[in-house]
Amino acid sequence: MSNAIYPVSDEVRESALLTPSQYDEMYQASVNDPEAFWAEQGKRIVWSKPFTQVKDVSFQKDDLHIRWFADGELNVTESCLDRHVAATPDKVAIYWEPDTEGGETRTLTYKDLSESVNKFANGLKSLGVKKGDVVTVYLPMVPEMTITMLACARIGAVHSVVFGGFSPEAIAGRIEDGSSEFVVTSNFGWRAGKTVPLKANVDRALELTPADLVKKVIVLNHVDQESAVNADRDVDFHELVNAQSSECAPTIVNAEDPLFILYTSGSTGKPKGVVHTAGGYLVYTSLSHKYVFNYTGEETYWCMADIGWITGHSYAVYGPLTNGATCVMFEGVPNYPDSGRMARLIDKYEINIVYTAPTAIRALMAHGDKPVEGASLKSVKILATAGEPINPEAWRWFYEKFGDSKCPIMDTWWQTETGGMMLTPMPGVTDLKPGSATKPFFGVKPALLDNDGKELEGEASGNLVICDSWPAQSRTIFGDHERFKETYFSSFEGYYFSSDGARRDADGDYWITGRVDDVLNVSGHRMGTAEIESALVAHDSVAEAAVVGVPHDIKGQGIYVYVTLNEGVQSSDEMRTELVKWVRSEIGPIATPDMIQWAPALPKTRSGKIMRRILRKIATDEYENLGDTSTLMDPGVVDELIKGHNDLT
Ligand code: ATP
Ligand code: MG
């Protein structure tokens with residue numbers, strides 16, 4: 001695999017908040033004396049009663065507890081809104097861009113945002129929403145999403161955002177799991193020129209939940225189209241809000257009170273309802289947003305993730321707003337009306353920082369130069385990705401096309417459960433290696449363990465664990481603390497186990513190799529999925545690839561590969577032979593694919609991640625028992641792949 005290094009350039013160094021030695025010093029301080037480090041960083045946010053305790057943690061399974069700033073009291077919206085309204089009321093908080101290119105845009109200053117939040121907070125109160133109540137949010141990417149989350153936080157209610165692409169069954173499951181009595185939705189959303197019937201999905205979901213559970217459904221009239229109204233239950237968002245005062249005193253909560261519930265992507269099984277608390281989460285997301293994006297207060301910042309995922313919660317809402325950032329919010333998709341939309345949008349708002357996902361990059365990359373044709377992209381300073389390993393080929397394409405070969409890419413590794421970025425480069429600090437998430441963020445102590453739980457030193461490959469707590473760590477799985485203990489703290493006593501595998505190179509940089517459950521064992525050699533997939537994506541004709549292990553008489557496990565070819569490339573037996581040769585030369589004979597199946601598309605979670613567990617089942621003829629498929633983006637893809645597999649074998 002490529003071992004190219006992209007050292008920090010003079011240009012990036014000059015505008016960086018930190019030098020490499022300052023990072024080293026701060027990092028050492030953060031892990032050697034976390035109490036002192038986080039006591040200082042805790043001051044980044046507004047407390048109504050300052051904390052005197054900082055860290056109170058045990059990772060021992062029998063005595064598991066995780067508490068940060070435990071006697072502090074606050075309301076997170078004072079950090080996200082009030083203090084900015086006092087200092088810079090007219091600064092833009094959100095530029096909103098609709099799905100339809102050229103359609104009506106919206107601009108909300110911090111003052112506008114704060115007033116809307118307070119009004120809706122009063123509206124929620126008037127409907128009987130109280131501190132600690134769970135409010136389910138099923139909205140498109142419109143400013144009311146942010147408004148709703150912050151309105152909940154304003155009154156101490158707990159939001160549970162369900163991604164707008166989920167089905168009625170998935171909504172129902174989450175409503176029930178959270179015993180949620182209130183739902184906020186929209187009549188419709190827009191996606192690539194088509195409307196999505198959000199309200200109808202909620203109505204259907206409520207037929208599947210106990211009849212007396214949900215008391216009120218608040219409906220935003222976003223698209224000029226009728227949706228069914230249930231007079232006893234439905235409340236019009238605007239009617240509710242218009243009647244309210246734009247002042248609402250914040251409800252003060254404890255640092256350890258829950259701020260939100262959010263479900264994981266469901267890549268490896270049934271989604272987990274992860275709980276995050278107010279104090280530590282806000283401190284950590286604010287600090288990481290500042291340093292990873294080199295955010296000075298001036299930049300226009302675009303996190304492309306849907307707010308329905310943790311990336312959106314932490315880095316489209318809480319982190320940036322705590323830092324008073326100007327954020328771009330986009331309802332549409334990067335390749336509608338064509339693959340040039342993303343670049344045009346960057347030019348339109350003169351965006352400086354872009355945070356996206358490898359899946360979006362691979363989708364654009366399949367169109368060659370088209371996505372950036374005619375665009376200037378002069379405003380771009382920093383690029384970043386999250387969610388999956390980024391294949392080095394996709395990294396280089398993004399770096400060259402969107403970053404003019406000079407803007408650093410922050411490959412951030414983290415999880416819904418970690419609340420914030422854990423392994424990541426920082427601008428001006430880290431020499432970049434395509435495909436590596438490089439170094440730990442402040443306060444994060446990663447380690448690699450072998451399967452017996454022994455810590456590995458130096459260059460090594462193993463189970464990625466975290467040795468000690470960080471403030472944004474999730475505290476529990478909602479309603480199932482046992483599953484929380486089991487999932488994260490039982491495999492390796494005294495550590496948080498990520499379920500991901502990683503390799504550490506001679507420079508101490510980390511490379512995520514894939515999910516531990518997906519690791520291949522071929523003739524006794526352990527191999528991550530990421531490396532073989534990246535080798536395939538590096539081939540000119542390949543758009544995407546997914547690798548799974550299948551039983552093999554001689555080797556123990558064989559390598560079964562699904563390949564999506566680039567636009568306009570024909571599949572053929574010659575191409576198969578060529579790809580096999582290619583992987584052998586890129587990695588070595590040990591990685592020789594045993595089987596290559598052409599995949600018109602790969603099964604993905606609704607957050608865009610490849611679902612290898614489904615691919616493994618197809619490759620091993622176990623289609624009867626695909627497991628939890630509720631988070632699958634397009635079930636049609638699975639049928640096609642089953643057919644393709646049967647034709648092949
Ligand atoms: P589930 O936990 O339900 O199976 P999930 O793990 O996909 O779903 P998320 O919390 O959205 O849910 O994703 C976290 C995972 O995404 C990580 O554990 C890791 O496998 C992968 N990931 C995230 N960022 C990166 C990255 N920069 N490089 C490699 N992998 C990443
Ligand atoms: Mg996970």
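My entries on the model follow.

**Ground rules.** I am working with a predicted model, where local features need pLDDT of at least 70, side-chain atom pairs count only at pLDDT 80 or more, and totals for chains, interfaces and linings use all residues. Residues are numbered from 1 along each chain as its sequence is written, chains are lettered from A and ligands numbered from 1 in the order in which they are written, and side-chain values use heavy atoms, with hydrogens and water left out.

**Cavities.** Rolling a probe the size of a water molecule over the atoms shows where empty space is left. A cavity here is a set of points, on a 1 Å grid over the protein atoms alone, where a 1.4 Å probe fits but cannot get out. Grid points are joined across faces, edges and corners, and a volume is the space filled by probe spheres set on the points. I searched the whole structure and found six cavities of 30 Å³ or more.

What is the volume of the largest cavity? I noted about 100 Å³. Its lining (residues with an atom within 4 Å of a point) includes Ile94, Met141, Tyr301, Cys303, Leu321 and Met329. The elements that give two or more residues to this lining are β16 (300–303), α11 (310–322) and β17 (326–330). Helices (H or I, at least four residues) and strands (E, at least two) are DSSP runs, numbered from the N terminus.

I then sorted the lining by class. Ala, Val, Leu, Ile, Met, Phe, Trp, Tyr, Cys and Pro count as nonpolar, Asp, Glu, Lys and Arg as charged, and the others, Gly among them, as polar. For the largest cavity I got eleven nonpolar, one polar and no charged residues.

The second largest cavity holds about 80 Å³ of space. Leu74, Val76, Ala153, Asp257 and Pro258 are among its lining residues. The classes there are eight nonpolar, three polar and one charged.

**Ligand 1.** Which residues come nearest to ligand 1? Of the 20 around it (a heavy atom within 4 Å), they are Thr264, Gly266, Ser267, Thr268 and Thr416. I sorted this shell too: four nonpolar, nine polar and seven charged. Strands β20 (409–412) and β25 (510–515) each supply at least two residues of the shell.

Next I checked polar contacts to the ligand (pairs of N or O atoms within 3.5 Å). The side chain of Ser267 has an N or O atom 2.5 Å from an oxygen atom of ligand 1. For a polar side-chain atom of Thr268, the distance to a ligand oxygen is 2.5 Å. For the side chain of Gln415, it is 2.8 Å. Ligand 1 alone exposes 640 Å², and the protein buries 95% of that. These areas come from the Shrake-Rupley method with a 1.4 Å probe.

I found a cis peptide bond between Tyr336 and Pro337, with omega about 5 degrees. Pro337 sits in the loop between β17 and α12 (341–349). Asn294 is not a glycine, yet its phi is positive, about 50 degrees. I placed Asn294 in the loop between α10 (278–292) and β16.

How values were computed
1 Å grid on protein atoms, 1.4 Å probe; cavity = no way out; pocket = protein on both sides within 12 Å on 5 of 7 lines; lining within 4 Å. Polar contact = N/O pair within 3.5 Å; in protein donor to acceptor, adjacent residues only side chain to side chain.
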